[in-house]
Amino acid sequence: MPPWTWNAFYRATSTQDLPWHSGSAEPELMDLVRYGRLKPCRALDVGCGQGTEAVFLALARFKVSAIDIAPRALARAKKLAKLLGAKVDFRLGSALSLPFRAREFAFVTDRGCFHSLGEEERPQWVAEIARVLRPGGTLLLRTFSDKANRQAGPHCFARKELLDAVKGPFRVTSLKMYPALGNGGPPMEPLWALVATRVTSFQ
Ligand SMILES: C[S@@+](CC[C@H](N)C(=O)[O-])C[C@H]1O[C@@H](n2cnc3c(N)ncnc32)[C@H](O)[C@@H]1O
């Protein structure tokens with residue numbers, strides 16, 4: 001969706017009715033944090049939307065920046081952070097041109113932004129995430145899988161297609177399919193949860 005469409009979608013849709021909003025961070029993120037695989041660090045939530053997971057990370061003592069292209073989404077995210085006393089550096093901007101320094105983050109997460117980009121935009125997303133993630137840092141990427149029954153909307157990735165998309169700067173350490181937590185309306189659809197490490201050797 002172009003930026004204005006995202007913003008219009010948020011304007012027309014209450015948070016409870018957003019199809020991707022479950023009210024909670026997903027287990028795929030919580031598990032990384034809960035079992036200590038990921039220690040509190042400098043983290044970036046790309047396409048943070050209404051801010052659920054950025055706020056979760058901040059409350060878990062991560063130092064969080066979060067970016068989204070839709071001002072309406074960010075307004076909700078800021079409200080949620082304020083309500084819960086979470087400190088998040090929210091930014092309005094694009095994943096394709098991140099306003100952050102090289103190697104600034106030790107963890108980057110994306111739930112639902114990458115798969116909404118056009119095919120021609122994906123290499124730029126990969127390049128930008130690789131730039132801001134320090135070598136040895138962790139990427140958690142969640143996208144629709146091709147097992148999802150969707151005729152339109154975000155791209156649904158085949159396994160190899162997703163692996164190929166991130167190869168080069170990233171070494172995939174885990175790739176699993178899981179049922180998406182939505183807002184309880186539409187049936188749950190299979191997503192990929194990809195965990196990868198930013199390799200040192202790639203420039
Ligand atoms: C499906 S929503 C997911 C929101 C949030 N990550 C979550 O899981 O609740 C995708 C989000 O990506 C944002 N987005 C889409 N394209 C973007 C881009 N190029 N840069 C930054 N954010 C973008 C949208 O505005 C939207 O908030």
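1. Basis. In this predicted model, local features need pLDDT of at least 70 and side-chain atom pairs count only at pLDDT 80 or more, while totals for chains, interfaces and linings use all residues. Residues are numbered from 1 along each chain as its sequence is written.

2. Domains. The protein is divided into domain 1 (37–94) and domain 2 (103–198), with bounds from an automatic or database domain assignment. Their C-alpha centres lie 18 Å apart. In contact across the boundary are 9 residues of domain 1 and 12 residues of domain 2; contact requires C-beta atoms, placed from the backbone, within 7 Å. On the side of domain 1 that touches domain 2, strand 1 (residues 42–46) gives the most, with 5 residues. Strands (E, at least two residues) and helices (H or I, at least four) are DSSP runs, numbered from the N terminus.

3. Core. The largest nonpolar core has 55 residues, of which Ala54, Ala58, Val64, Phe105, Val108 and Leu139 touch the most other members. Both domain 1 and domain 2 give residues to this core, so it lies between them. Such a core joins buried Ala, Val, Leu, Ile, Met, Phe, Trp, Tyr and Cys residues through C-beta atoms within 7 Å. A residue is buried if 20 or more other C-beta atoms lie within 10 Å of its own, exposed if 12 or fewer, and partly exposed in between, with C-beta atoms placed from the backbone.

4. Helix 3. Of the 8 residues of helix 3 (residues 52–59), 7 are buried, so this helix is largely enclosed by the rest of the structure. Its buried residues include Phe56 and Leu57.

Terms used: Two residues are in contact if their C-beta atoms, placed from the backbone, lie within 7 Å.
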